[in-house]
2 protein chains.
Amino acid sequence: MANIKDVARMAGVSIATVSRVLNEYPYVAKDKQEKVRAVMKELNYSVNGNAVKLIKGKTNTIGVIVPYNNNSCYDELINGILKKAHELHYQVLLLPSYYENVIESSYLTLLKKKMIDGILLTSHTLHPEQILALSEWGKIVCCEACPVEHVPSVFPDRFAAYIEVFTYLKNKGYNRIHFTSGRDFQSSPSTRLRIQAFQETITVAYENQFFDQCFDYQDGKRVGDLMFRNSIVPDAIFTNGDEVAAGIIASAQTHGYSYMQDFEIIGEENTPLSEILGFPSVDYHQTAIGEQAVSLLLSDEYARIQIRHQLNFRARTEASALS
Amino acid sequence: MANIKDVARMAGVSIATVSRVLNEYPYVAKDKQEKVRAVMKELNYSVNGNAVKLIKGKTNTIGVIVPYNNNSCYDELINGILKKAHELHYQVLLLPSYYENVIESSYLTLLKKKMIDGILLTSHTLHPEQILALSEWGKIVCCEACPVEHVPSVFPDRFAAYIEVFTYLKNKGYNRIHFTSGRDFQSSPSTRLRIQAFQETITVAYENQFFDQCFDYQDGKRVGDLMFRNSIVPDAIFTNGDEVAAGIIASAQTHGYSYMQDFEIIGEENTPLSEILGFPSVDYHQTAIGEQAVSLLLSDEYARIQIRHQLNFRARTEASALS
DNA sequence: GCTTGACTTGAAATGCATTTCATTCTTTAC
DNA sequence: GTAAAGAATGAAATGCATTTCAAGTCAAGC
């Protein structure tokens with residue numbers, strides 16, 4: 001495979017000149033320019049991207065750490081990331097962590113190895129110290145609220161959303177309000193926030209009103225079966241994620257209860273699912289978060305930007321369409 | 001930042017020895033090994049990944065070209081890809097094409113630039129010649145059936161699935177069978193296959209039974225409104241994707257028709273949606289396709305592997321849950 | 001006619017790690 | 001006791017492009 005040396009030799013110029021043509025520097029004589037271009041075409045030459053990365057010390061690549069890719073809640077976020085990165089001529093390395101701390105921290109070392117210019121964290125298990133320890137080698141931006149200072153982040157105002165949802169449900173006079181979550185409160189900050197928001201708004205607490213380990217439709221069905229197995233039915237349920245909500249709705253039906261007649265449900269992420277089934281859902285504007293996270297990552301500023309959520313109620317026509 | 005030279009100097013050995021320690025070669029004296037490791041720790045040293053890539057001529061990175069990331073039909077596929085790639089110690093560059101040929105072919109040149117070892121194509125607009133022209137620089141595997149030889153691929157047997165669905169509907173005695181598709185038949189091979197399968201199985205053709213430009217829930221509602229606006233209602237509808245099917249079901253309801261009583265519908269991709277709404281869906285086993293595509297990409301074999309689909313009927317209990 | 005500034009060009013240093021080749025020193029084997 | 005095999009190590013070549021520095025040409029300006 002041809003390299004810059006071959007091109008230089010065949011064009012009868014120095015490699016410096018070839019490099020100048022390659023990078024469209026001014027001050028290269030027209031005839032040599034054309035000659036070099038002709039030779040490059042003839043030899044079917046391309047720069048070696050790794051040589052460029054090596055000498056420039058820059059890769060134009062960012063890493064995005066996600067737990068998995070089969071949870072639709074990351075679709076919008078990643079889409080925003082891809083869009084903005086493409087706009088700014090950066091490429092995106094998708095790094096699945098499977099929520100394993102060892103894997104996550106191995107990804108952070110990609111910064112030290114100069115293989116990426118920065119990292120975007122979505123949901124993670126990393127401790128702030130782990131992040132800060134590596135951030136001297138490249139910028140790390142978090143797409144969730146980070147408990148410590150110094151970690152730049154663009155994040156949804158989850159706590160405000162939780163408060164808003166619980167308040168809304170409380171004001172409707174509901175007594176039995178269930179809610180679900182993903183990882184347990186020890187590993188997940190958002191689960192802790194959820195519980196905290198609950199405690200700050202709802203006074204009536206009872207057993208079996210909180211269910212964690214909910215991630216997808218099947219989990220929703222599973223906890224739905226727990227919720228509806230006896231005759232005491234919840235007035236309302238606030239789920240993490242629309243898929244979980246959908247699973248609960250499906251489970252409720254098999255137990256003879258129906259969403260809207262017998263209980264209210266509010267989901268999260270505002271996916272097509274909530275639109276289709278007609279339940280309200282909290283939209284965290286993840287596309288915007290993704291875009292702004294990339295912008296922040298590639299800027300040299302420090303910021304902690306909170307993106308305002310929106311509690312999305314469905315038009316009744318849609319809601320009734322499937323009931 | 002410390003490099004291998006610094007480590008060598010401080011440890012009092014040659015860079016060759018440091019490299020040996022780094023790569024765990026045998027034949028390095030224990031004491032020097034320890035000294036080198038100590039110095040590496042002291043200097044907080046990491047290899048420069050780009051230097052390694054440059055000299056080894058290998059990146060351990062593959063590129064995955066996808067049109068977008070906000071269509072859930074790629075979730076399973078990408079998840080399979082990520083999983084297998086991680087297993088084989090490869091990293092994944094996610095390359096959004098927005099269905100633009102220029103962007104797609106620019107990604108192919110990443111191979112020439114040695115920035116990735118191989119490319120996985122999902123849905124694409126590239127012509128076979130474009131693919132073959134670049135495949136001398138690295139392996140390109142297609143996750144859809146490729147019309148020409150020489151392009152290794154792992155793909156769903158869409159045509160067989162289409163035939164199966166249409167035959168199933170025909171055998172039920174239906175006369176009015178609508179079907180939908182995404183891109184028009186000129187740009188999309190699968191749309192062509194769909195039409196061909198229809199022609200080979202169904203004899204009764206009529207106007208307005210085929211609708212393209214369907215991609216999501218809204219499109220489903222849109223074409224649903226067209227299907228149900230007059231009193232002639234289809235017996236069955238075969239959609240591309242579960243979201244489109246859901247949109248049609250929603251639209252039908254607003255027109256006073258209901259899925260299962262008045263018409264049958266079959267979706268695609270077997271997402272939670274079809275499970276929730278209780279309509280059958282074709283599962284192409286995209287996770288398996290993704291995994292095998294990565295395996296094929298990283299092997300030195302040529303193959304065109306067809307993955308068998310499965311027409312997934314729903315248990316009546318689920319199906320009735322929401323009706 | 002000479003200075004000055006605008007162009008044009010190439011040699012060489014730089015970024016960093018891998019690997020081959022040659023060399024030296026030990027063992028083991030017969 | 002000597003040949004053969006094993007262990008340990010470094011010098012130097014290699015992969016490839018960017019960029020600085022120095023030096024050259026040429027035309028405009030006084």
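Which helices of chain A and chain B each supply at least two residues of the surface near DNA strand D? They are helix 2 and helix 4 of chain A together with helix 2 and helix 4 of chain B, where helices (H or I, at least four residues) and strands (E, at least two) are DSSP runs numbered from the N terminus, and where a residue is near a molecule or strand if one of its heavy atoms lies within 4 Å of it. This is a predicted model, in which local features need pLDDT of at least 70 and side-chain atom pairs count only at pLDDT 80 or more, while totals for chains, interfaces and linings use all residues. Residues are numbered from 1 along each chain as its sequence is written, chains are lettered from A and ligands numbered from 1 in the order in which they are written, and side-chain values use heavy atoms, with hydrogens and water left out.

DNA strand D is surrounded by 30 residues, the closest being A:Ile4, A:Tyr45, B:Thr17, B:Arg20 and B:Tyr27. Helix 2 of chain A provides the largest share of this surface, with five residues. Of the atoms of DNA strand D within 4 Å of the protein, 65% belong to sugar or phosphate, and the rest belong to bases. B:Arg20, by contrast, places a polar side-chain atom 2.7 Å from a base oxygen of DNA strand D.

Around DNA strand C there are also 30 residues, of which A:Thr17, A:Arg20, A:Ala29, B:Ile4 and B:Tyr45 come nearest. Sugar and phosphate make up 63% of the atoms of DNA strand C that come within 4 Å of the protein. Phosphate oxygens of DNA strand C lie 2.8 Å from a polar backbone atom of A:Ala29, 2.9 Å from a polar side-chain atom of B:Tyr25 and 3.1 Å from a backbone N or O atom of B:Asn48. Here the largest share of the surface, five residues, comes from helix 2 of chain B.

The rule finds one salt bridge across the interface, a salt bridge being a side-chain nitrogen of Lys or Arg within 4 Å of a carboxyl oxygen of Asp or Glu; B:Glu275 forms it with A:Lys221, the closest N and O atoms being 3.6 Å apart.

Strand 2 (residues 91-96) of chain A and strand 2 of chain B run antiparallel and are joined by three bridges, two strands being paired if DSSP finds at least two bridges between them. A:Val92 has B:Leu94 as its bridge partner.

Within chain B, six strands form an open sheet of mixed pairing in the order 7-6-8-9-10-12.

Key: A polar contact is a pair of N or O atoms within 3.5 Å; within protein, one must be able to donate a hydrogen and the other to accept it, and residues adjacent in sequence count only if both atoms are side-chain atoms.
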